[in-house]
Amino acid sequence: MQSETKSSCLKRLSRIEGQVRGIARMVDDDRYCIDVVNQISAIRAALARVEDEIIKDHVGHCVEHAIMSGDKTEQRQKVSELVDALGRMGR
């Protein structure tokens with residue numbers, strides 16, 4: 001993973017971690033159900049942004065490296081991993 005992507009993702013994940021702790025407090029404090037659900041939705045969106053950033057990095061670094069290497073086996077492997085990951089993202 002590129003250092004810029006790693007740094008950005010770690011910052012985002014730290015914020016998400018705080019959001020999750022906040023939801024736990026909300027549940028513990030018997031907050032209104034829809035408020036909790038709204039916060040969970042916000043976390044899902046934030047995680048999706050991290051996921052997108054990592055996928056972009058994978059394409060721009062790992063897949064590109066495989067293409068440049070000329071190694072057909074590595075190319076197939078990286079593309080297969082990408083297709084599998086994108087398939088899971090759609091669920």
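Author: What follows sets values against cut-offs, and the model in question is a predicted one.

Reader: Why is the pair Glu53 and Arg12 called a salt bridge?

Author: The side chains of Glu53 and Arg12 meet at 3.1 Å, N to O, and since the cut-off is 4 Å between a side-chain nitrogen of Lys or Arg and a carboxyl oxygen of Asp or Glu, the pair therefore qualifies as a salt bridge. This pair links distant parts of the chain, with Glu53 in helix H2 and Arg12 in helix H1, 41 residues apart.

Reader: Why is Glu53 called buried?

Author: The relative accessible area of Glu53 is 19%, and because buried means under 20%, Glu53 is classed as buried.

Reader: And what makes Arg12 partly exposed?

Author: Arg12 has a relative accessible area of 27%, which lies between the limits of 20% and 50%, so Arg12 counts as partly exposed.

Reader: Why is Gln75 called buried?

Author: Gln75, found in helix H3 (residues 72-89), has a relative accessible area of 17%, and as the cut-off is under 20%, Gln75 is therefore buried. Leaving aside neighbours within four places in sequence, Gln75 is in contact with Ala66, Ile67 and Gly70.

Key. Residues are numbered from 1 along each chain as its sequence is written. This is a predicted model: local features need pLDDT of at least 70, side-chain atom pairs count only at pLDDT 80 or more; totals for chains, interfaces and linings use all residues. Side-chain values use heavy atoms; hydrogens and water are left out. Helices (H or I, at least four residues) and strands (E, at least two) are DSSP runs, numbered from the N terminus. Buried means under 20% relative accessible area, exposed over 50%, partly exposed in between (1.4 Å probe, protein chains only). Contact means heavy atoms within 4.5 Å.
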